[in-house]
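This briefing is meant for a reader who is meeting the structure for the first time. Please keep the sequence and the model in view while reading the points that follow.

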Amino acid sequence: MKKRETANKDQMRETKSKSKNVSVSVKSQKQKAVVKEVKPVEKEVKSLKEEDLLLDSGTDSDYDGDSLSGSLNSDDFDSDIFDSEDDGSQRETEDGDRESSKDEVHGIEGSDDNDDEGEQVDSENGEEDGSGDEGSEQDEVAEESDSSEDEVAPRNTVGDVPLEWYKDEKHIGYDITGKKITKKEKQDKLDSFLATMDDSKNWRKIYDEYNDEEVELTKEESKLIRRMLKGEAPHADFDPYTPYVDWFKWDDAIHPLSSAPEPKRRFIPSKWEAKKVVKYVRAIRKGLIKFDKPEEEPNVYLLWGDDSTSDQKSKHLTYIPPPKLKLPGHEESYNPSLEYIPTEEEKASYELMYEEDRPNFIPTRFASLRSIPAYPNALKESFNRCLDLYLCPRVRKKRINIDPESLKPKLPSRKDLRPYPNSCYLEYKGHTGAVTSISTECSGQWIASGSTDGSVRLWEVETGRCLKIWQFDEAVKCVAWNPLSDFPILAVAMGRDLVILNTELGTDEEQKNIKDLLQLGDLPEPKAAVAAIVSWLPDELYGGIKIRHFKNISNIDWHRKGDYLSTVMASGETRGVVIHQISKKVTTKPYKIRGLPVSAVFHPSRSYLFIATKKNVRVYNLLTVDEPVKKLETGMREISSMAIHPGGDNLIVGSKEGKMCWFDMDLSSKPYKTLKNHPKDITNVAYHRSYPLFASSSEDSTAYVFHGKVFNDLNENPLIVPLEILRGHSSSNGGG
């Protein structure tokens, strides 16, 4: 028996020494065959150092330890992840093969297995083998984690069907079209070992049974698994010993924490409290304890609130006390002096006054206070007082001190905006009446002027010499020069007549073309609507063309091609604007005007016509007879004149209240800027043909010159700068 016991002890010692190097014993002959196949490969590995073969549990190694003890493989990380093609017995066989191969490798390495690192790795595997239940619980926790990878949709469409059904099949499920999803080919152990030797990161790969693919773990995930195998928290920054924080508030607890009945002592008065109360009562009666007398509050208060009694002033910095009522004076006395009492004649004169000038209170004398009737306006004044108190805002606002100069826009210097007119250079004298209109020839050499004396004069701009005079019976209202240099003709409007004059300038060939143009010949038959408005007649006085209208003409304007001419009849209402074609001697009434027309201007480059009424400006398309393309709202009382920029995108409008509006038609239908310069009515506005200048003339005998630059960049607004006031004119009758 003693020998048998000693033999058992020796056997147990040998078993313990073997358990340090081998994790699981060999279970079948098949496993031994696998070990024999691996041994020739392992002989080549002999020359490698131990630190290249073994993986320390605390650090990440690049070596795949699939066939060595101490390495982290897919079976170590998750007990549920296994090869789907093998059943339970085959899995045990593979585990035995893997562990036997580990035993053989440790045997090859010899005594180096007994160092600290080998023991540490073996101990980890030992803990892993004995903690299968803990691994399954950790897997469940990992499945319930809310990481972003869990939200990725599975690629396998098999659903919730158990994967054991496909254990013996070549496919793992079906895709969305119903085709079979074949399983991937699995490597045998020798190929797996060779892949481990080739790929240093192969030990991190695990098999995903559900999606039938290999997943490579990151270093962070492997660290989490190691911590879980050690029984620690997965995250390193987790503190399991955080200080306790009481989440329950004990101060204002309304309900009891337990449902136990109240003890009887809660309902019985305390005798110790009664003794304490008696002690205080005796001390108060003896005068040992004295109390301060409370201050008596006044029972009276002001009806409308007082600044001294309310604490709103201290609470709100912006609080302003309500204004106090005016105290009654001697005029409202019930027994005034006799000199304050009006007589009957004075009372009768009050009735003849305007209501604003009439006195609000008439003094009356009473013998005593008892005979005074009720005040008729008492309720009204009380109501108005209440409105003043709760409707009128009383807020103290801080006043900001701003330098007025900083609010002015920074404009460029006038010296940088030259050239512009600043002094009188020439005077053209000859008219005996007031000059009503002037027009410049396109070359700038000649200028025509019309006057109330019935004369039209042609001037040379450089010398001021009067070249020609046309005399008419009526006062000339408007003159306009043809924009073409080949046809130096002049349109003159007076009364109801529009006369086309030949200025006799230019070459002989041009004069011949002008004479052919001004010959009426056979006129086409006009429409009935047009015949009631105008009639074409020859001018017997100067050999031109006379177009007679049914109302007085107020404005004319040439088209840029020089063949069309628009006339405006202010009192013509809906038929107030017509267009004449000189070459064909035809008149058309294009649009039905809304309101009284004031001015009409052709667009300098497009087929548009701007028609200004007394309130608005409408833009019409000459190619169509539709509604206006655009409507510009001026907001003025009455428009007097209009001019369009040579670029065609900007417009200025003058009014009879001294205002001038600049419209940027690409920006808005409302004025970009309104200029109020003239104290009297504006008679005319005009743009310069080439320079960035525009001007306005008024009945105050002045003309204002402005710098108005229009930029090609649509994001930049026009620059408007006042430059000069021209005061060369004078008027005797008060008109400009």
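Glu 262 is partly exposed, with a relative accessible area of 46%, and in this predicted model Glu 262 forms a salt bridge with Arg 266, their closest N and O atoms being 2.5 Å apart. Arg 266, for its part, is exposed at a relative accessible area of 53%, because a value over 50% counts as exposed.

**Other salt bridges**
- The count of salt bridges comes to eleven, and one of them joins the side chains of Asp 199 and Lys 205 at 3.4 Å, N to O.
- Asp 199 is partly exposed at 28% relative accessible area, and Lys 205 is also partly exposed, at 28% relative accessibility.
- The side chains of Lys 614 and Glu 638 meet in a salt bridge of 3.8 Å, N to O.
- Lys 614 lies in the loop between β19 (608-613) and β20 (616-621), while Glu 638 lies in the loop between β21 (630-633) and β22 (639-644), so the pair ties together parts that are 24 residues apart in sequence.

**Surface charge**
- A patch of positive charge on the surface gathers Lys 551, Arg 575, Lys 589 and Lys 592.
- Lys 551 lies in the loop between β13 (545-549) and β14 (555-558), and counts as partly exposed at 32% relative accessibility.

**Overall picture**
- The protein contains 16 helices and 29 strands, and 32% of its 736 residues count as buried.
- The protein exposes about 50100 Å², of which carbon and sulfur atoms supply 51%.

Technical notes
Residues numbered from 1 in each chain as written. Predicted model: local features only at pLDDT ≥ 70, side-chain atom pairs only at ≥ 80, totals over all residues. Heavy atoms only, no water. Helix = DSSP H or I, 4+ residues; strand = E, 2+ residues; numbered from the N terminus. Buried < 20%, exposed > 50% of the residue type's maximum accessible area, 1.4 Å probe, protein only. Areas by Shrake-Rupley, 256 points an atom, 1.4 Å probe, with all protein chains shown as cover. Patch = residues over 30% accessible without salt bridge, like charges linked within 9 Å, V, L, I, M, F, W, Y side chains within 5 Å. Salt bridge = Lys/Arg side-chain N within 4 Å of Asp/Glu carboxyl O. Lys, Arg positive; Asp, Glu negative; His and termini not counted. Charge placed at Lys NZ, Arg CZ, Asp CG, Glu CD.
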